[in-house]
Amino acid sequence: MPFDTVTSVTNYDKNAFAQKRCTKELVKMLPNENIKSIIDIGAGTGLATIEVIKKFPNSEVVLLDKSPQMLESAKTKIPDAAIINADAEVFDFTSQNFDLAIANLSMQWFKDCRSFLHKVVKYTKYFAFSLPLSNSFNEYYSIFKNINLPLIRFYTIDEILAMLPSNTDIISTRNITETKKYPTAIEATRHFKNIGATMPVDATIQSKISAILKSYKSPIMLNYDLFLCVLKGT
Ligand SMILES: C[S@@+](CC[C@H](N)C(=O)[O-])C[C@H]1O[C@@H](n2cnc3c(N)ncnc32)[C@H](O)[C@@H]1O
């Protein structure tokens, strides 16, 4: 499932209620240490970066994202930050070590989270990340249970913990839930589009999705079940 920046670059900040809450909770979990360099991986529009900078105002900040449009938006909020337009999964971290790397709700877009986790903890002192868990959006997904949707696969907490490199200390973990009720399934679907979550499907599946959305008239809850974690590389 690709991340779509066309709609999200303008609508993301207004719609990213779960990402904002998650950022605030993740920042509370960060170490009270002298952090001099930070890289935000999958920085998007810089929502999370701004909160992290409030805690470490004197740090040098790098924003990494594979979307130039999202980086452009982030740069307007954080003009002093250095920009890296790259795919985090192939980016070579060897040239610079960071005191802190964060990835707030971005790794779910990666093809191979395990390899990324092993790579990033080698070159960063602390790595703080959040991921949606497998229970997320269960009410919304249930309305499509009779059609075969290519849904993004979210992990369980055990699966995430099993992906962590063995030479890493887990400093802190949290599980939080953030929910929002939408008056219709169409509006809930619009939320996903506004934050860049798209589902490439063929015309047959698309017409089935449209029919289900049109016929589903009740309010619907979107639940983000979120896992937050701070690691220390050793
Ligand atoms: C949901 S947004 C999260 C943005 C931000 N971290 C926040 O908390 O608001 C996901 C971001 O990850 C970026 N992204 C997805 N896959 C990526 C990859 N492989 N490398 C770099 N950035 C990626 C997308 O372009 C998008 O800006």
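Helix H2 (17–28) and helix H3 (47–55) each supply at least two residues of the shell around the ligand. Helices here are DSSP runs of H or I with at least four residues, strands are runs of E with at least two, and both are numbered from the N terminus. This is a predicted model, in which local features need pLDDT of at least 70, side-chain atom pairs count only at pLDDT 80 or more, and totals for chains, interfaces and linings use all residues. Residues are numbered from 1 along each chain as its sequence is written.

**The ligand shell**

The ligand is surrounded by 23 residues. Gly42, Gly44, Ala88, Asn104 and Trp109 are the closest. The shell has 11 nonpolar, 8 polar and 4 charged residues. Nonpolar means Ala, Val, Leu, Ile, Met, Phe, Trp, Tyr, Cys or Pro; charged means Asp, Glu, Lys or Arg; the others, Gly among them, are polar.

**The strands**

Strand S4 covers residues 98–104. Of its 7 residues, 6 are buried. Buried means that 20 or more other C-beta atoms, placed from the backbone, lie within 10 Å of the residue's own; exposed means 12 or fewer, and partly exposed lies in between. Strand S5 (residues 124–132) is largely enclosed by the rest of the structure, because 8 of its 9 residues are buried.

The table lists strand pairs; two strands pair if DSSP finds at least two bridges between them.

| Strands | Sense | Bridges |
|---|---|---|
| S1 (residues 37–41) and S4 | parallel | 3 bridges |
| S4 and S5 (residues 124–132) | parallel | 6 bridges |
| S5 and S7 (residues 220–233) | antiparallel | 7 bridges |

Asp40 has Ile102 in S4 as its bridge partner. Ile102 in turn stands opposite Ala128 in S5. Asn104 is bridged to Ser130 in S5. Tyr126 stands opposite Lys232 in S7.

S4, helix H5 (residues 113–123) and S5 form a right-handed β-α-β unit. Right-handed means that, with the strands pointing away from the viewer, the path from the first strand over the helix to the second runs clockwise.

**The core**

The largest nonpolar core has 51 residues. Such a core is a set of buried Ala, Val, Leu, Ile, Met, Phe, Trp, Tyr and Cys residues joined through C-beta atoms within 7 Å. Ala101, Ile102, Phe127, Ala128 and Phe129 touch the most other members. S7 gives the most to this core, with 9 residues. Phe129 touches Ile102, Ala103, Met107 and Cys229, leaving aside residues up to four places away in sequence. Contact means that the C-beta atoms, placed from the backbone, lie within 7 Å. In soluble globular proteins, nonpolar side chains tend to be buried together.

**Two loop residues**

Most residues other than glycine have a negative phi. Leu105 is not a glycine, yet has a positive phi of about 50 degrees. Leu105 sits in the loop between S4 and H5. Leu105 is buried because 24 other C-beta atoms lie within 10 Å.

Phe137 also has a positive phi, near 60 degrees. Phe137 lies in the loop between S5 and helix H6 (138–142). Phe137 counts as buried, with 21 C-beta neighbours inside 10 Å.

Technical notes. A residue is near a molecule or strand if its C-beta atom, placed from the backbone, lies within 6 Å of it. Two residues are in contact if their C-beta atoms, placed from the backbone, lie within 7 Å.
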